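I opened this model to look up charged side chains and the surroundings of the ligands. My notes are below, in the order I took them.

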Amino acid sequence: MQENEYFEKVKEKIKNKNLTYKIITFGCQLNENDSEKIAGMLEEMGYQETEDEKQADIVVFNTCCVRENAEERLFGKIGEMKNLKQSKNLIIAIGGCMMQEKQMVDKIKKSYPYVDIVFGTHTLQNLPENIYKAMLKNEKVRDILNIDGEIYEGLPIKRNSDFSANVTIMYGCNNFCTYCIVPYVRGRERSRKPEKILAEIEDLAKKNYKEITLLGQNVNSYMRTERENGTATSKIDSFAKLLQEVAKVEGIEKINFISPHPKDFTDDVIEAIAKIDKISRIIHLPLQSGNSKVLKEMNRKYTKEQYLELVEKMVQKIPNLSLSTDIIVGFPGETEEEFEDTLDVVKKVNFEQIFMFIYSPREGTIAAERVDQVPEEIKHKRFDRLKELYETKVDTNNEKYIGTTQKILIEGNSKNDETMFCGRTDTNKVVVFKPQENYKIGDIVKVQITENHKWYFKGEIQK
Ligand code: 5AD
Ligand code: SF4
């Protein structure tokens with residue numbers, strides 16, 4: 001394979017030099033998963049990871065463009081790299097979603113000409129070749145494809161965790177929600193072959209991984225395009241069927257998936273979840289808005305009533321179900337009454353977790369062109385009102401956990417108190433508890449919940 005050739009070439013070139021890398025990742029878990037592959041490739045070439053980007057010989061930025069704040073942080077960071085670049089032989093590479101936007105690549109060219117490599121979302125696998133060109137020929141490499149890349153299997157991977165793994169099952173999105181840039185930067189939906197996915201998960205189980213998260217921008221439309229075009233080559237040609245097969249892999253104890261779309265939450269998926277204990281009981285069901293007119297303008301393809309009916313059906317069929325959601329406030333044209341419909345849904349549905357976003361216009365999307373943008377001040381006020389409602393609901397909802405015993409995977413030490421362990425309930429609530437001698441990170445323990453601290457619980461390990 002051509003790529004292997006460059007793995008070897010770079011390896012030869014940097015041999016015995018003890019060179020290091022640092023990857024800075026923005027955005028979602030799909031980007032995290034791509035970064036794990038970038039790390040895998042860099043290590044294959046002989047680079048070693050360093051925590052400190054100032055020490056690194058190659059710094060890779062994996063970018064996101066879903067909302068504006070990630071952009072500001074990125075440009076701040078690249079600006080900081082300028083002096084470093086002048087003082088040593090540093091390679092700076094920028095990849096990911098933002099590099100699929102022409103105006104961003106132009107900005108890099110103009111304002112940050114010292115950046116060595118710019119690569120898009122479809123050309124991850126060319127990194128060794130691009131590094132080789134930048135290093136040896138001192139070229140400024142621009143490697144961006146505007147057509148959908150083929151699915152590229154078999155890249156080396158260095159995972160962030162030893163017991164919980166992300167597995168991307170499909171790439172791209174066909175939905176074109178009018179606020180969202182993803183379909184423009186990630187291309188059309190492409191599903192990985194079920195055999196490849198299952199082989200990856202079986203391999204993970206052999207390596208003692210206990211938990212996996214199936215990833216896709218629109219994870220429950222897995223194989224839809226292939227089904228519609230009659231090009232599916234396996235009997236496993238739907239998300240529900242894939243879930244059933246994944247559940248058969250011995251050793252995997254917990255299965256999560258993100259992000260599903262309510263419109264693709266078909267009965268077979270609900271039944272599969274209801275039947276299979278291994279599937280996490282917390283399901284992410286992005287609402288975006290609680291008003292049917294806004295939903296229509298967002299091109300979400302469901303109404304407020306249909307969303308509530310779906311929730312009702314899921315609650316009925318899936319015991320112990322918990323829901324989390326994404327909500328955008330201040331979509332163009334959103335009126336006070338329309339926003340109140342969102343609050344109404346939040347009052348009606350007991351969401352365990354809400355990821356709240358202030359609408360951020362993305363160049364090239366339909367909603368960004370609208371002249372009736374909601375003023376910043378109003379957007380922020382609505383955000384605060386939603387947050388307030390959410391916080392009271394979280395606090396009340398938490399009370400039901402007090403005194404219960406939860407099965408918890410020890411993920412590590414608590415960030416705020418190194419002497420404590422932390423993990424998560426099945427419903428993704430953080431629990432902090434005192435270590436006991438016979439238990440270590442990666443073990444699953446029973447923890448009794450003792451204190452409610454709104455965003456986390458305290459608990460005690462049960463014998
Ligand atoms: N502005 C604000 N939030 C957005 N999201 C996607 N695009 C935008 C945007 N332009 C949110 C949606 C999505 C989540 C990943 O990010 O809620 O579900
Ligand atoms: Fe964006 Fe909608 Fe696709 Fe999700 S489903 S990635 S919000 S276009």
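Entry 1: I began with K400, which counts as exposed at 52% relative accessibility. For the record, I am working on a predicted model. I then asked what K400 pairs with, and found a salt bridge to the side chain of E352, at 3.6 Å from N to O. The two sit in distant parts of the chain, 48 residues apart: K400 is in the loop between helix 14 and strand 15 (405-409), and E352 is in strand 14. Is E352 buried or exposed? I looked it up: E352 is buried, and its relative accessible area is 3%.

**Entry 2: another lysine.** Next I checked K454, whose side chain meets that of E391 in a salt bridge of 3.8 Å, N to O. K454 lies in the loop between strand 19 (444-452) and strand 20 (456-462) while E391 belongs to helix 14, so this pair ties together parts 63 residues apart in sequence. I noted K454 as partly exposed, with 27% relative accessible area. E391 is partly exposed too, at 22%.

**Entry 3: an arginine pair.** I moved on to R382 and found a salt bridge with E334, where the closest N and O atoms are 2.9 Å apart. Where do the two residues sit? R382 is in helix 14 (residues 376-398) and E334 is in the loop between strand 13 and helix 13 (336-348), so the pair ties together parts that are 48 residues apart in sequence. I checked burial as well: R382 and E334 are both buried.

**Entry 4: the salt-bridge count.** How many salt bridges does the structure hold? I got 40. I also came across a network of salt bridges that links K293, E297, E338, R370 and D372.

**Entry 5: a lysine without a salt bridge.** I looked at K210, in the loop between helix 7 (194-206) and strand 10 (211-215). K210 is buried but has no salt bridge. I did find a polar contact of 3.0 Å between the side chains of K210 and N208.

**Entry 6: ligand 1.** I listed what surrounds ligand 1: V66, R67, Y179, Q288, D326, I328, F357, I358, Y359, S360 and R362. By class I have 6 nonpolar, 2 polar and 3 charged residues in this shell. Strand 13 (322-329) and strand 14 (351-358) each give at least two residues to the shell around ligand 1. Then I went through some of the polar atoms. An oxygen atom of ligand 1 is 2.6 Å from an N or O atom in the Q288 side chain. A nitrogen atom of ligand 1 is 3.0 Å from a polar backbone atom of Y179, and a backbone N or O atom of S360 is 2.8 Å from a nitrogen atom of the ligand. How much of ligand 1 does the protein bury? Taken alone, ligand 1 exposes 410 Å², and the protein buries 84% of that.

**Entry 7: ligand 2.** Last, I looked around ligand 2 and wrote down C173, N175, F176, C177, Y179, C180, V182, P183, Q217, H261 and R300.

Methods: Residues numbered from 1 in each chain as written. Chains lettered and ligands numbered in written order. Predicted model: local features only at pLDDT ≥ 70, side-chain atom pairs only at ≥ 80, totals over all residues. Heavy atoms only, no water. Near = heavy atom within 4 Å. Polar contact = N/O pair within 3.5 Å; in protein donor to acceptor, adjacent residues only side chain to side chain. Areas by Shrake-Rupley, 256 points an atom, 1.4 Å probe, with all protein chains shown as cover. Helix = DSSP H or I, 4+ residues; strand = E, 2+ residues; numbered from the N terminus. Nonpolar A, V, L, I, M, F, W, Y, C, P; charged D, E, K, R; others polar. Buried < 20%, exposed > 50% of the residue type's maximum accessible area, 1.4 Å probe, protein only. Lys, Arg positive; Asp, Glu negative; His and termini not counted. Salt bridge = Lys/Arg side-chain N within 4 Å of Asp/Glu carboxyl O.
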